[in-house]
Amino acid sequence: MQHWARRLEQEIDGVMRIFGGVQQLREIYKDNRNLFEVQENEPQKLVEKVAGDIESLLDRKVRALKRLADAAENFQKAHRWQDNIKEEDILYYDAKADAELDDPESEDVERGSKVSTLRLDFVEDSNFKNKVNYSYTAVQIPTDIYKGSTVILNELNWTEALENVFIENRRQDPTLLWQVFGSATGVTRYYPATPWRAPKKIDLYDVRRRPWYIQGASSPKDMVIIVDVSGSVSGLTLKLMKTSVCEMLDTLSDDDYVNVASFNEKAQPVSCFTHLVQANVRNKKVFKEAVQGMVAKGTTGYKAGFEYAFDQLQNSNITRANCNKMIMMFTDGGEDRVQDVFEKYNWPNRTVRVFTFSVGQHNYDVTPLQWMACANKGYYFEIPSIGAIRINTQEYLDVLGRPMVLAGKEAKQVQWTNVYEDALGLGLVVTGTLPVFNLTQDGPGEKKNQLILGVMGIDVALNDIKRLTPNYTLGANGYVFAIDLNGYVLLHPNLKPQTTNFREPVTLDFLDAELEDENKEEIRRSMIDGNKGHKQIRTLVKSLDERYVDEVVRNYTWVPIRSTNYSLGLVLPPYSTFYLQANLSDQILQVKYFEFLLPSSFESEGHVFIAPREYCKDLNASDNNTEFLKNFIELMEKVTPDSKQCNNFLLHNLILDTGITQQLVERVWRDQDLNTYSLLAVFAATDGGITRVFPNKAAEDWTENPEPFNASFYRRSLDNHGYIFKPPHQDALLRPLELENDTVGILVSTAVELSLGGRTLRPAVVGVKLDLEAWAEKFKVLASNRTHQDQPQKQCGPSSHCEMDCEVNNEDLLCVLIDDGGFLVLSNQNHQWDQVGRFFSEVDANLMLALYNNSFYTRKESYDYQAACAPQPPGNLGAAPRGVFVPTIADFLNLAWWTSAAAWSLFQQLLYGLIYHSWFQADSAEAEGSPEARESSCVMKQTQYYFGSVNASYNAIIDCGNCSRLFHAQRLTNTNLLFVVAEKPLCSQCEAGRLLQKETHSDGPEQCELVQRPRYRRGPHICFDYNATEDTSDCGRGASFPPSLGVLVSLQLLLLLGLPPRPQPQVHASRRL
C-alpha cells in the first residue's frame, strides 16, 4: 500500500508542477517586480487608527444627541399644559396614516379620528434604504394608545419643536441617520419622515419596549419575579399571569439579571435556574417555556414568596447587575402584608423595590398590595384583562428612572447599545442613547420633578462602521472585529443573522462567532476590561462553506475604543503581514493589461472573473459576473484607474493581476494538452480580485465565488501547505452526481508563496480541475500492481501468491481517497463515483467510524445561533381565541353571570381583540408570504471533522463479533487526503452507528448547565438606583371600576351587531408618576 501511496503522491505532484505553475508564477512576479511595492500591515498602528476613526464617527453622533436632549428638556419646560386641547388643533405627519386609511378596520377609522394628518411627498434615499422627507418629522403611536387623549395631544404639541433641531443636526452632519425621540408616553417622533413599515399582522411596536429605549431609560436591574399559584388563581387569571410574566421578561436587556419563581405555601423556581441569570435571549426563552407549566394549587403564602426573592437578591456569590434590585409579585390578592419579612430583609434602607400586580377581576381588598409597594419604594399596578398587560408591565421603568432624573447632569451619559435590527429598514445598527428629563417644578419651592420624559436616540448603521476598516489589504483571512462589555460582537465577518425584524437585539458572543478555545477566552476578557494587547495563537477556524476545520496560526491585536463600551480587534495570519500594492504609472502598460479583461481575449487567454468590489463610485453592481464585468469595462472607457472617484489601490491591483495571470497562460497553460492528464481546467485566483479559468469553455461549469476572498478553496489553500482537494459539494438528501459530458470535476489548489527581500506573502492561489471519471480510472491503476495504464491486468486472488490490488480485486477490496473533512474524493468502486463529495459515513458508515475511533479524524461540534428555520407546525388548535375564556350557552342565559367579573373580563378582551386581532388568530393564520410565516431564528448544531494525531500509515481490524474487517490507512504527503484500503464488509453484523456531519436543528447547549459557568462580562460603568431626595409617595392606585348591567348589555349588542364602540381615553394613556 505504501508503494501505491507514493505513486499517488508523485502523480498529483507531477500534474500540479506541470499545470499549476506555482514556480512559474513566482518567476512572473519577480520579473514584474518594478510594477508593485510590498507594503506592511502594522497591527498596532492599524487597530489604533481604526479605533480612532470609529471614536470620531460616534463622537459626532454624541454631540448631536446632546443638542437634541438639551433642546427637548427646554421645550418641555417651556410648554404650557392644555387641558382642553383637541385633536383638530394638532397638525403632524402620522407615519401609519397611509396604511390605516387603506384599512377599513384600522384604529382611526373605528374611532373616527379628527387628527389633521399631513400628506407628504417622499424621495428615495439609499443611505436610509427608504423613501424620506427631510422637511418634516414622523410620529408613530402604538396601536393600543388612544391618539386623542389629552396626554398624547400635549406630547405631540411640545415635541413638534424638535423638528428644527433634527434638521439643524443633519445640516451640521449630513451622515446622520435616524434621529429619534422615544417618549415615556409611547409616542415616537423621528427624523427624517418616512411611512411606517407596517407588519403583515397587527403592529405591536412600542418604542418603550425597544432595546435602545430600555437601556437608556434605566440603569441595570436585578429582578426576581414571584407568581402566586395558589388554588384561587385559576383559569383566565392564571393565563393572564403567565402572559404578564412573559411581557415583563421582554422589558429586560442583556445588562439585567432575573429569576422567576412560583409560590403558594412554598416558593420554588419555575425553571432549572436556581439563582439570578443574565436576561439574554436564550435564558428568557427558558423562563417563558417554564412559566407555561405553572399549575394553581394550595394556599397563598406571601411570606414564602418574598423570603425566596430576598434570598435570591442577597446571593453575592454569583454574577449579577449589582444595581437596581426589585421584586415583581403577581397575585390575585391576599390579606397578609408580610411586614416582618420587609423588616428583616429590606428596612430601613429599602434597597430593594417591591412592585405588586393585582391580576384578574376579583373583589379582594387591594390595600395590602398597595401597602407593600408603597412601603418599599415600588408601585402598585392592576391587570384586569389582556389589554392592560403590555402597558402595566413596562411602566415600572418610570419608577427606576427617578434616581437618574434626580442625579441630573451626572446621569446624562451617552450609552451605546447592542446590535439590533432597525425597525425602519436600515439593517443592523447600534444606537447612541441619552435620557431626557422633566425639568419642571409643580410650583415655587416645590420639589424637583422626577419624571423621565423619554430617551433620545441616534442610529449608526454597522455598514458605516465597517467602511472605516481596511478591506483588502488584510488578505482573505484577515479581519477586524469589535465587541461590547457583554462580549457580543459589534463587527465580525461571521455576524450574519439570517432572519430579520428581530424583536430582540442581535447578541452573538465573540466565542460563538469563532470556534472557542482558552486563548480566545483570555483575549475576550482583556478586551472587555478595556485593555490593549497582542497575542499569537494556534486555533481552529471553520471554512467559509462550513464543511471543514483547519488548525491555523493567527495574530490578535486589540485596543479599546475610547468614549464607548466597545473594544476593537484585528486578526492577521502571519502570511498577511505583507501585501502587494501595484504601481502602474505606465499608462501604455495599463491599457495593455486592461485588454486582457475584454471578453474578446477570453478564447485565447482564458475566461476572467473579476471580484465584485467597489472599484469606483459610479460602478453599477450586479450579481451576474458577466454583467458586472461589462459595467466595469464601460466605466473604464470613461475614467482612468487614477480617477478620484475610484479606489486606486483596488483598480491598480486588479489590472496588475490581469496582466500577471495572462503571462501564466502564455508561459504555461497555452502550450499544454489538458486532456493528456485528464484535466477539465486550470485556474489562478489572486488577492487583486482576478480569477482566470483556462480554457474559456471551462468557465461554463465554474461555480466558485468570483470574489476570491469569499471562495472556500482560496481561503483554505492560503491556510494550508500542499495541495488541497475539494470534491463537489453533495448533500445526502440530494440526488447523486450526474456524470455526463465530463463536467464533474475535483478542484485541487495550492497557494503561491513569494519571498521578496526577506518578506513572505501569499498573493495568489493556482490549481487544476480533475475530470472525475478519468481520475477514478487512473486511481485504480495507480493503486494496482500495474506500472502503467497500458500494461495488461494481472489476475490475483486470495489464494494466489501475488498481492491483491485496488483494480483487479475491486470486488474484494474497497480503495478510497477521503479528504481532511471526511468527504469522499475518489473510489475504486464504480457505483460510488456518483457519491463523490458526500460525507464518507453516508458511503461506508462502518469504515468511517473505525477511522474516527482510531484517531485518524477528530470531531469538532459547535452551534450556529444565527440560523433560520421553517416555522414549527401548529399544535391542536381550536376555533376559540387563545387564552380567552369561552362562556357556555347556560352562562349567557344566566343573569348572574352577566354581572360577574368573568363577563366583564371577557368583554374587555373581546374589545381589545377588535384592535389586537393576533390574540384571536391561531398561529397558522400568519399572513401568507410574510417572512414570519416562512422562517424564524433558530439554533443549528454543526459538526466538522479534521485530521487527528495519526500521521503515519496504520493497520487495524474492525471486529464485529463473528466477522471482522481489515483496513489500512495512510496520509498522502503534501495533500489533504487519506488513502484507505479495506476489505469489503462480509456480513451485516458489521453495520455500525453512523457519524453525522450535516447541520441539524438544536436547542443549543443545555442552558441549565451554561448558567453555572457564565462567560465573563462587565456591566455599564454607571448605576443610578438611589437618591435621598426621591419622592416615593406616588406608588400606585386602583384603576378598575365596577361594571354596570346597562353598559354590559350595550357592549354585547354592539359585538353581536359587529359595530365597534368608540372607546374612551384609555387609562394607560396618562402618566401615573
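Which handedness does the link of C616 and C646 have, going by the angle about its S-S bond? With 100° about that bond, the link is right-handed. This comes from a predicted model, and the rest of the report works through that model, starting with the chain as a whole.

## The chain overall

The protein chain holds 32 helices and 39 strands. Of its 1073 residues, 58% count as buried. Among contacts with a separation of 6 or more, 74% join residues 24 or more positions apart.

## Disulfides

A disulfide is a covalent bond between the sulfur atoms of two cysteines. A search of the whole structure finds six of them.

| Disulfide | Sulfur-sulfur distance | Torsion about S-S |
|---|---|---|
| C272 and C1008 | 1.6 Å | about -80° |
| C323 and C1023 | 1.9 Å | about 100° |
| C616 and C646 | 2.0 Å | 100° |

Take C272 and C1008. The torsion about their S-S bond is about -80°, so this disulfide is left-handed. C272 sits in the loop between β11 (267-269) and β12 (277-278), while C1008 belongs to helix α31 (residues 1007-1010), so the pair ties together parts that are 736 residues apart in sequence. C272 has a relative accessible area of 32% and is partly exposed.

Next come C323 and C1023. Their torsion is about 100°, so the disulfide is right-handed. The pair links distant parts of the chain, 700 residues apart. C323 is in the loop between α11 (302-314) and β13 (324-331), and C1023 is in the loop between α31 and α32 (1045-1057). C323 is buried, with a relative accessible area of 2%, whereas C1023 is partly exposed at 36%.

C616 and C646 form a disulfide with sulfur atoms 2.0 Å apart, and the link is right-handed. C616 lies in the loop between β26 (607-610) and α22 (625-636).

In soluble globular proteins, nonpolar side chains tend to be buried together. In this model the largest nonpolar core has 92 residues. L851, F967 and F979 have the most contacts inside it. Apart from that core lies another, of 44 residues, among them L46, L58, Y479 and V489.

L851 also belongs to helix α26 (residues 845-853). Its buried residues are A845, N846, L847, M848, A850 and L851. What do they pack against? The partners are strands: β32 (813-819), β34 (857-869), β36 (954-960), β37 (963-971) and β38 (977-983). Just after α26, S855 takes a positive phi of about 70°.

## Helices α9 and α10

Helix α9 (residues 236-249) packs on helix α10 (residues 281-291) at an angle of about 175°, and their axes are 9 Å apart. That angle makes α9 roughly antiparallel to α10, because angles over 145 degrees count as such. From α9, the contact uses K242, V245, C246 and L249. From α10, K284, F287, K288 and V291 take part. These contact residues divide into five nonpolar, no polar and three charged.

An α-helix has 3.6 residues a turn, so residues three or four places apart point the same way.

C246 counts as buried, at 15% relative accessibility. L236 is in helix α9 and also counts as buried, at 17%. The C-alpha atoms of L236 and S385 are separated by 9.0 Å, although the two residues are 149 residues apart along the chain.

## Around S678

S678 is found in the loop between α23 and β27 (679-686). Is S678 buried or exposed? With a relative accessible area of 17%, S678 is buried. Leaving aside neighbours within four places in sequence, S678 is in contact with L770, D771, A774, W775 and K778.

Methods. Residues are numbered from 1 along each chain as its sequence is written. This is a predicted model: local features need pLDDT of at least 70, side-chain atom pairs count only at pLDDT 80 or more; totals for chains, interfaces and linings use all residues. Side-chain values use heavy atoms; hydrogens and water are left out. A nonpolar core is a set of buried Ala, Val, Leu, Ile, Met, Phe, Trp, Tyr and Cys residues joined through side-chain atoms within 4.5 Å. Buried means under 20% relative accessible area, exposed over 50%, partly exposed in between (1.4 Å probe, protein chains only). Helices (H or I, at least four residues) and strands (E, at least two) are DSSP runs, numbered from the N terminus. Contact means heavy atoms within 4.5 Å. Axes are lines fitted to C-alpha atoms, for helices over the stretch in contact, and angles run from 0 to 180 degrees between N-to-C directions. Angles under 35 degrees count as roughly parallel, over 145 as roughly antiparallel, 65 to 115 as roughly perpendicular and the rest as oblique. Ala, Val, Leu, Ile, Met, Phe, Trp, Tyr, Cys and Pro count as nonpolar, Asp, Glu, Lys and Arg as charged, and the others, Gly among them, as polar. A disulfide is a pair of cysteine sulfur atoms within 2.5 Å.
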